[in-house]
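Please read it beside the coordinates.

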Protein chains: 2
Amino acid sequence: MTQFGSPSLGRVGRLQSGRSPVTLTGLTGMPLVQPGDDLGRLIVRAAVENDYSFADGDVVVVAAVIVSKAEDRFMDLREMTPSAHARELADVTGKDPRLVEAVLRESEEVSRAAPGVLIVRHRLGFTSAVAGIDHSNVGEIEDVVLLLPVDPDGSARAIRDDIRRLSGAEVGVIVSDTHGRPFRIGNVGVAIGVAGLQPVVDARGSRDLFGRELVATLIPIADQLATAACLVSGETDEGIPVVIARGVLTSGEGSARELIRPAEQDLYR
Amino acid sequence: MTQFGSPSLGRVGRLQSGRSPVTLTGLTGMPLVQPGDDLGRLIVRAAVENDYSFADGDVVVVAAVIVSKAEDRFMDLREMTPSAHARELADVTGKDPRLVEAVLRESEEVSRAAPGVLIVRHRLGFTSAVAGIDHSNVGEIEDVVLLLPVDPDGSARAIRDDIRRLSGAEVGVIVSDTHGRPFRIGNVGVAIGVAGLQPVVDARGSRDLFGRELVATLIPIADQLATAACLVSGETDEGIPVVIARGVLTSGEGSARELIRPAEQDLYR
């Protein structure tokens with residue numbers, strides 16, 4: 001008899017198999033990624049150098065910044081001509097009008113503009129600051145920024161396919177970014193691209209220890225994995241953009257868009 | 001030369017020491033916790049049964065539900081007399097007026113009330129649904145609910161002190177709950193009580209690979225640990241209310257209140 005026991009496990013079983021711990025292994029020594037690099041190949045090579053052997057069921061969490069670099073998502077702000085709307089928002093936020101123009105081109109909707117703040121709904125569906133455009137760790141030139149990958153689910157699939165081809169292992173892949181959060185301090189990892197796992201596990205229909213149905217249990221396992229990977233990668237650390245989780249039971253397929261709450265169902269708004 | 005490299009690490013070093021992986025170990029076989037139980041003692045005993053030896057720097061993530069049970073935070077709704085305000089909110093939300101009364105007594109402010117929805121700012125400072133009051137896995141009686149611990153930081157300290165006394169190890173302890181989130185689907189673990197670690201690591205002042213200062217990097221490491229623990233505990237699984245993280249560099253002391261963003265600084269509202 002256990003604490004959270006569930007006589008009927010419904011569609012979700014234990015997330016951990018047996019008593020072996022979940023491990024989060026960071027791959028050190030990844031080279032500085034360049035446009036055109038084959039990321040799957042770089043990851044498999046780094047794994048070899050780290051004495052890490054991929055196994056079926058591993059989930060490889062890859063920081064979006066290196067995916068963007070490999071896919072040459074650099075943007076030179078000197079080539080941006082801000083629209084009137086961008087100039088207006090730049091006045092409100094105090095941000096570079098060319099950066100605001102880049103943000104608008106990456107976004108579907110402006111959620112919040114205030115001094116120092118520009119929060120948008122990204123074309124990929126999620127809500128975040130400055131459309132996930134990265135200015136740090138991009139390069140020596142102040143005017144160059146890095147956009148998120150065009151299709152992070154597709155990027156994740158390509159990496160998964162490469163790892164399967166080169167290592168033989170059926171892994172899941174998450175392309176992760178870090179987002180700020182309402183109500184709470186600091187950034188946490190989220191999944192913006194997914195391949196080889198179901199990003200949200202539906203545990204509705206499960207029953208609790210006393211037989212009552214659990215009505216609202218959707219487990220965002222891809223986000224939980226992306227956040228757990230932060231424990232290894234850090235945000236300002238010496239550079240571990242690839243973290244591999246082992247021991248987490250995953251299955252299925254899906255898109256990172258499943259992690260996004262439709263605005264009309266957002267209880268907090 | 002690495003991807004996220006930081007010539008000046010500022011106040012935060014690597015979050016992972018060397019190349020050893022971070023491990024998340026669930027303690028299986030915890031007994032059903034009863035009011036008055038000494039949780040620290042139960043945890044140390046379960047660790048022994050799991051062949052787990054505590055080491056300095058381990059972080060023990062304990063589900064709030066077992067802390068509340070040990071502290072006898074059960075509440076019988078049949079003893080609740082709803083106020084006029086509670087009855088009004090019960091009409092709006094469709095919830096049991098006695099439950100709403102319990103929620104109001106645990107809260108400082110109602111953030112949102114709508115059919116099926118009652119989101120409040122808890123007396124502990126965070127914003128969550130129905131003040132974290134748990135109805136599942138509480139007991140056979142439908143009318144009994146479980147409130148959050150009175151002082152989760154204090155609960156964490158007591159558990160940490162017990163583990164130190166019984167095992168000799170200097171561990172960190174997190175009392176965790178799961179919260180829904182704006183914008184994204186599903187619940188994730190958050191830290192509502194902390195002892196023996198600094199819950200937010202301030203990496204401001206660190207510089208990126210190209211020497212630019214990172215201005216907005218607060219790492220909510222206690223929340224990241226609480227979310228990572230979900231990978232082992234699940235939410236409806238067979239019951240792993242205690243998960244131990246090893247290999248995450250932590251230091252200092254603090255209160256889980258540091259994880260809460262003051263309303264006037266909430267960029268998303």
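1. The side chains of A:Glu106 and A:Arg73 form a salt bridge, with N to O at 3.3 Å. The criterion is a side-chain nitrogen of Lys or Arg within 4 Å of a carboxyl oxygen of Asp or Glu. This pair links distant parts of the chain, 33 residues apart. A:Glu106 sits in the loop between α4 (97–105) and β4 (107–114) of chain A. A:Arg73 sits in the loop between α2 (64–70) and β3 (74–76) of chain A. Helices (H or I, at least four residues) and strands (E, at least two) are DSSP runs, numbered from the N terminus.

2. Are these two side chains buried or exposed? A:Glu106 is buried, at 7% relative accessible area. A:Arg73 is buried too, at 16%. The classes are buried under 20%, exposed over 50% and partly exposed in between, with a 1.4 Å probe and protein chains only.

3. On provenance: this is a predicted model, where local features need pLDDT of at least 70, side-chain atom pairs count only at pLDDT 80 or more, and totals for chains, interfaces and linings use all residues. Residues are numbered from 1 along each chain as its sequence is written, chains are lettered from A and ligands numbered from 1 in the order in which they are written, and side-chain values use heavy atoms, leaving out hydrogens and water.

4. In chain B, B:Asp162 and B:Arg165 meet at 2.7 Å, N to O. They are three residues apart in helix α5 (residues 152–167) of chain B, so about one helical turn separates them. B:Asp162 is buried at 14%, whereas B:Arg165 is exposed at 53%.

5. B:Arg98 pairs with B:Asp96, the closest N and O atoms being 2.7 Å apart. B:Asp96 is partly exposed, at 27%. In chain A, a salt-bridge network links A:Asp76, A:Arg78, A:Asp96, A:Arg98 and A:Asp143.

6. Now the sheet. It is open, has 10 strands and mixed pairing, and runs β9(A)-β8(A)-β2(A)-β12(A)-β1(A)-β1(B)-β12(B)-β2(B)-β8(B)-β9(B). Pairing requires at least two DSSP bridges between two strands. The edges are β9 (188–195) of chain A and β9 (188–195) of chain B, each pairing on one side only. Twist averages 25° from one strand to the next.

7. Strands β1 (residues 22–26) and β12 (residues 242–246) of chain A run antiparallel and share four bridges. A:Leu24 has A:Ala245 as its bridge partner in β12(A).

Notes: Axes fitted to C-alpha atoms, helices over the stretch in contact; angles between N-to-C directions.
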